[in-house]
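The sequence and structure come first.

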Amino acid sequence: MHTMVRSKKDFCMSIDFEFEDNSIKVSGLPLWLDSSSYRSDKSPVRRALNFTSHAHADHIGNHRCIICSPQTLELLKVRQKVEKSITPSWGDPIDIAGAKVTLFPAGHVLGSAQILIEKGGRRICYTGDFRLGKGLTTEECHPVECDVLLMESTYGHPRYQFPERHELLESLEEFVERCFDSSLIPVILGYTLGKAQEAVKALENLGYGVLVHPSIMKICKIYEKLGVSFSNVKIFGSGPIGRRVIVFPPQKSAREKLGIVGEFRTAILTGWSIDSWRKKIFGADEAIPYSDHCDYSQLLETARLSKAKKIYTHHGDAERLALLLQSEGFDAEPLIPSKQQRLF
Ligand SMILES: [Zn+2]
């Protein structure tokens with residue numbers, strides 16, 4: 001029988017985390033971390049208590065009770081029904097079954113959180129998707145000091161080194177000006193939640209008016225309710241385009257609406273644009289490596305500044321990042337389901 005096992009090890013032994021149906025649970029606590037709503041056999045599952053790190057679709061589930069930031073709760077409400085929630089403020093610890101649980105900003109999208117769980121004298125931190133520093137529309141993210149760190153591995157290879165944010169903004173401005181110089185309408189492509197709002201804010205700061213897809217405007221309105229203001233954004237189709245920049249989701253179905261605007265040129269914002277072969281997949285004319293995840297240097301920085309004695313990697317190429325961290329002197333290993341758990 002064919003299996004997806006690529007590691008020499010059959011499974012990862014961890015005293016801090018357990019797997020069930022490819023979802024991670026904190027050992028000894030009734031607390032799941034970004035659990036899916038589906039078991040591996042595709043049947044639905046509702047966790048009694050789940051930490052929802054942020055409101056992206058691949059991190060949310062229909063659970064009985066969730067812990068998340070107040071900002072994430074507001075963003076979640078437009079995507080799903082939330083039955084019960086616990087929404088601690090940044091840095092304010094709460095008690096969960098005898099453990100001290102605290103949320104810290106993750107800098108990925110507005111409201112995205114890292115969770116610190118302190119129990120039995122051990123401090124365990126799960127980053128969720130994260131990016132160090134301060135985005136234009138996100139809270140400022142710093143590494144959390146802990147004993148055990150569970151970190152995402154999305155860009156866990158040294159080839160993923162992103163330019164500084166100011167350089168990325170320069171690339172964005174150059175793209176827009178090149179379009180205007182050629183009488184083309186500039187279209188920026190970015191995911192509806194997070195990337196699109198960063199793009200709108202960046203364009204506004206550069207002095208451009210912006211037109212957005214209705215799904216992006218919906219999220220912009222929630223950001224505004226949460227204190228991130230947009231001064232020069234209108235919904236696409238509500239008036240003439242003029243010398244404005246369009247921000248749309250990358251999905252083909254959304255892009256089809258652009259046919260009516262005339263000649264345009266697209267640039268997608270994604271860290272994956274470091275890989276030139278991926279550009280074709282996105283179907284955009286250009287790509288700018290503006291990411292809402294850490295690049296490799298930031299992942300290393302987090303490993304170092306967290307002072308964690310043990311690091312687990314997951315999400316993305318966890319096995320490769322763990323090997324790279326080991327080569328840098330860290331006690332790291334991938335947190336992956338056992339061979340048996342992946343079969344059933
Ligand atoms: Zn995400």
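Which residue stands opposite Arg-123 of β10? Glu-118 does.

## Model and numbering

Residue numbers start from 1 along each chain, following the sequence as written. The model is predicted: local features require pLDDT of at least 70 and side-chain atom pairs pLDDT 80 or more, while totals for chains, interfaces and linings use all residues.

## Paired strands

Strand β9 (residues 113-119) pairs with strand β10 (residues 122-126) in the antiparallel sense, over five bridges. Strands are DSSP runs of E with at least two residues, helices are runs of H or I with at least four residues, and both are numbered from the N terminus. Two strands pair if DSSP finds at least two bridges between them. The hairpin of β9 and β10 has two residues between the strands, and Gly-120 takes a positive phi there, near 55 degrees.

β10 also pairs with strand β11 (residues 148-153), in the parallel sense and over three bridges. In this pairing Cys-125 stands opposite Leu-149 of β11.

## A loop residue

Lys-134 is found in the loop between β10 and β11. Lys-134 is partly exposed because 14 other C-beta atoms lie within 10 Å; a residue is buried at 20 or more such atoms within 10 Å of its own C-beta, exposed at 12 or fewer, and partly exposed in between, with C-beta atoms placed from the backbone.

## Helix α4

Helix α4 (residues 214-225) has twelve residues and reaches 17 Å from its first C-alpha to its last, close to the 16 Å expected, which is 1.5 Å times one less than its number of residues. Ile-216, Met-217, Ile-219, Cys-220 and Tyr-223 are buried in α4. Seen down the helix axis, the buried residues of α4 fall within an arc of 165 degrees, so they line one face of the helix; the arc is that of the directions from the axis to the C-beta atoms.

The cover over these buried residues includes α3 (195-205), β13 (209-212), β14 (233-235) and β15 (244-248). Gly-227 follows α4 and has a positive phi, near 100 degrees.

## Domains

The domain assignment, whose bounds come from an automatic or database source, gives domain 1 (17-159 + 293-343) and domain 2 (165-288). Their C-alpha centres lie 29 Å apart. In domain 1, 16 residues are in contact with 14 residues of domain 2.

Notes
Two residues are in contact if their C-beta atoms, placed from the backbone, lie within 7 Å.
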